[in-house]
Amino acid sequence: MIRAKHALWGACAVAALAAPAMAETLTIATVNNGDMITMQKLTKPFTDANPDIQLEWVQLEENILRERVTTDIATSGGQYDVMTIGTYEVPLWAAQEWLLPLGDLPAEYDADDLLPPVRDALSVDGTLYAVPFYAESAMVMYRTDLAEAAGVTIPDSPTWTDIKTAAEKMTNKDGEVYGICLRGKPGWGENMAFLTAMANSYGARWFDPEWKPQFDSAEWNEALTDYLALMTNYGPPGASSNGFNENLSLFQQGKCGIWIDATVAASFVTDPENSTVADKVGFAQFPNKEGVDNHGNWLWAWSLAIPATSDAPDAAKKFVAWATSKDYTNEVAAANGWRAAPPGTRKSLYDNAEYQGAAPFAAMTLTAIESANTQKSSVQDIPYTGGQFVAIPEFQGIGTAVGQQFAAALAGQMSGADALAAAQATTTREMARAGYPK
Amino acid sequence: MATRQTQSLAKLMRAPAIILLLIWMVVPLAMTLYYSFMNYNLLNPTGTSFAGWFNYQYFYTDPAFWESIWNTLILVLGVLLITVVGGIAIAMLIDKPIFGQGIVRILVISPFFVMPPVAALIWKNMIMHPSYGVFADIAKFFGMQPVDWFAQYPLFSIILIVAWQWLPFATLILLTALQSLDGEQMEAAEMDGAPALQRFIYLTLPHMARAITVVILIQTIFLLGVYAEILVTTNGGPGNASTNLTFLIYRAARLNFDVGGAAAGGIIAVVLANIVAIFLMRAVGKNLD
Amino acid sequence: MARAVSTKTKIGWTIAAWFVALLIFFPILYAIITSFKTENEAIAGFDLIPSFTLDSYREVQSQYNYIRPFMNSVIIAVGSTVLALIVAVPAAWAMAFSPTKRTKDILMWMLSTKMMPAVAVLVPIYLIFLRTGLMDTRTGLVIVLMLMNLPIVVWMLYTYFREIPGEILEAARMDGATLSQEIVHVLTPMAVPGIASTMLLNVILAWNEAFWTIQLTTTNAAPLSAFIASFSSPQGLFWAKLSAASVMAIAPILIMGWFSQKQLVRGLTFGAVK
């Protein structure tokens, strides 16, 4: 009996000692897009190498994900060990000391291999606070066959006039081919991402250095007027409900002549399994207005960050380093081909001959990302950072409210001038509430 | 003796429900009231301070405020109208002698079992989508330009979806009312040569008054809080065309992460909802006795 | 007494009723059909005949193991319903059989507690859940959903109980029945249909709740509403996959509803209407 008791005690002691090392569970919150789902499926090498770490996934649609993780981190909820967030959140949350600094990643991670604009966007005062899973800028994707048939050429660095001419000539509404597809669905990350970039390329800005909204400026007026004209004359029906997904699908089915959107789309539209136009896609830089040296400065990176409240920070660090490593890229390439490798984060990927061969869009994507300047996105003086967004906490609300007005204009329910006036009023109101200028 | 005993027992039986609901009401309400007087934004926790009436003033002066109240009313009334009228019609239809009554009944009540976000997703993508939806296919079949429902008729589209979800509830309750209608009385009226319309107005409708009241009361409570359908489909737009009061609060709470503003909006919504409730009770409450 | 209905008339009504029923059911039917299509078929235009592929279901299952959210939904829906009934049956009983002057006011007040928009109280509740350790637990959700639906449950039960004729009670008392006998032998049998249909209604409401169940869970307690949120609006239009996930989310409650349809109708007949 006594011996048995001893044995029991011993076993308990061993179990108690072993427990913390044995079962560490990482709760990982991700957005439900294709690349993240791929990651979830390819974690076997990681769990094999780290049998003591268990992975629990929380996959959510982008908006709900943002609500959930923001509430959690702001209330120190500690529900997650790894969060998927974007370039918008990282600097804001790092400033609140909500994120674990990632300056001490192991040497083999090779943080210097990250593309400088992406790295800068995820750093505060030179310290990395999140690691990029994939990154994107924006560019022009167009149908080479339609362009040829219409007798137009789109230069590598087109102006908005080039785009308009090409869109006009490619449009064949009876054949359900629309010259241009652009985002129209309201939301700060939907139509406002595109429209902010477009306005940047027209020389517009959101705020002057005193944080006064600038929707009453000539540049915004011109940008919005041209956008509305393009979409009304050459765009698809129902454009005010089209976001990234809808346009992707339209383009894949051969219904768009030109589509200007995130560079990640390139790998989807050239995917022969899902795209009917896979071998007929050309790429060009984000357009600019003649005389304005600015290609929109769109930059976004879905990134993995560790909240300061995580109870397994070391395991979490291991995981985020693995998921954004060169090894992981190789793994995706081995499983799904090089074209599917998560784009936009590492120099080494763009130096890789196999990738260049498999991804015809590689060079243009790299150019787009490298030319994005999120520190100064407008040619005029501005008090804010961020490319297709303004990096202030209030932007989600303001951007979406403004996006609603512009979507209403696109749907034909109000004029462009009225939409701009409403945008100006809303933004002025929200900024006053938030206490700007600060 | 017996009655006193019964009464104190009754009190005891009522107490748990009342106490629980009291807590469930008072605690959040108190906290919401507290926050509604604070400047408190989740994204900027260091800026928390006393705000006085500012949150209320700010919410009330929102350019979308009156539009959202108007939209809320239209949404509630529109859905009530469709579900009550449609519910009566369908209930009378499936109360007729028909083949396969059981299956018909099952098909009719099915939408009630569908989660609101799922219902909205199905309608948005598969039915009303301007390129791939069934409505668009029908329009194309007849050689017409497909309608972009959520851009051109945003509030109507949402009313349609919500009404589809609640029609089964109304139909069910009204059907059961119909089934308990006195058949002999009806036949007597028929023999006397009363036309169908008169029989409906003087016999059927009064008989269903109480059921209609229940439908209106319970649905109103749920309809005032509709927001998932809006979030999935129009996001309140274009402009503010489909923003109702709940969605306006949602915007403050989940896009701006403005806890104070959302709390003030919540208090305003509670006050308005109670006004509606009092009005409703005056209008239809006597039917409940 | 049944009126002789000519077969012709019956066929006419049958066609009309089936037409309306299929029209109402169509969105669900179309989602079911789409879930058996390939992704390309799903956006290729109107077609009622799928290629009957199970790929979408396999895909959904490989991305999110269905069993856990399904079990959570069952536990949360049933748990909150049972709890609500335990609290509500005595209360509704007392209100129906020993009404006071304020009974109606209390009932109205109960309904009014449902009028606070959930999203406005999210942060306070979130904080309470964090402090009390209820976050991401099924217990927490059972409590919240129970409280949320309690007013409706009391209301429904009250209307049913009111229909039980008082004379029967008096007769039982005259016969010298004690209160407990009265309840067990006389009232319970009459009340069961109403309780059953209230229960069903509440299970449906709890199953379909999609705000608190998403906001207050992460992994352990996440039910089917969270399952759906991981398939809505992904990158690209995966409608077959979305349809498959939707069908998986609504199928259990739909099937339960179908089987208990008669019960639902009977309970309601007894209750809301004379």
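Author: Start with the setting. Domain bounds come from an automatic or database domain assignment. On that basis, chain A splits into domain 1 (22–129 + 300–358) and domain 2 (139–298 + 372–434). The model is predicted: local features need pLDDT of at least 70, side-chain atom pairs count only at pLDDT 80 or more, and totals for chains, interfaces and linings use all residues. Residues are numbered from 1 along each chain as its sequence is written, while chains are lettered from A and ligands numbered from 1 in the order in which they are written.

The centres of the two domains of chain A, taken over C-alpha atoms, are 28 Å apart. Between them, 10 residues of domain 1 are in contact with 12 residues of domain 2. Contact means that two C-beta atoms, placed from the backbone, lie within 7 Å.

Now chain C. Helices (H or I, at least four residues) and strands (E, at least two) are DSSP runs, numbered from the N terminus. Chain C has 13 helices and zero strands. Its C-alpha atoms fill a box of roughly 75 × 70 × 30 Å along the principal axes. Of its 274 residues, 51% are buried. Buried means 20 or more other C-beta atoms within 10 Å of a residue's own, with C-beta atoms placed from the backbone; 12 or fewer is exposed, and in between is partly exposed. Among contacts in chain C with a separation of 6 or more, 79% join residues 24 or more positions apart.

Zoom in on one pair. Helix α1 (residues 7–35) of chain C packs with helix α12 (residues 239–259) of chain C at about 120 degrees, their axes 7 Å apart. Axes are lines fitted to C-alpha atoms, for helices over the stretch in contact, and angles run from 0 to 180 degrees between N-to-C directions. That angle makes α1(C) oblique to α12(C). Under 35 degrees is roughly parallel, over 145 roughly antiparallel, 65 to 115 roughly perpendicular, and the rest oblique.

Which residues meet? From α1(C) come Ala31(C), Ile32(C), Thr34(C) and Ser35(C). Their partners in α12(C) include Trp239(C), Ala240(C) and Val247(C). By class, this contact has six nonpolar, four polar and no charged residues. Ala, Val, Leu, Ile, Met, Phe, Trp, Tyr, Cys and Pro count as nonpolar, Asp, Glu, Lys and Arg as charged, and the others, Gly among them, as polar.

Chain C also has a neighbour: 80 residues of chain B are in contact with 74 residues of chain C. Helix α1 (residues 2–36) of chain B gives the largest share of chain B's side, 17 residues.
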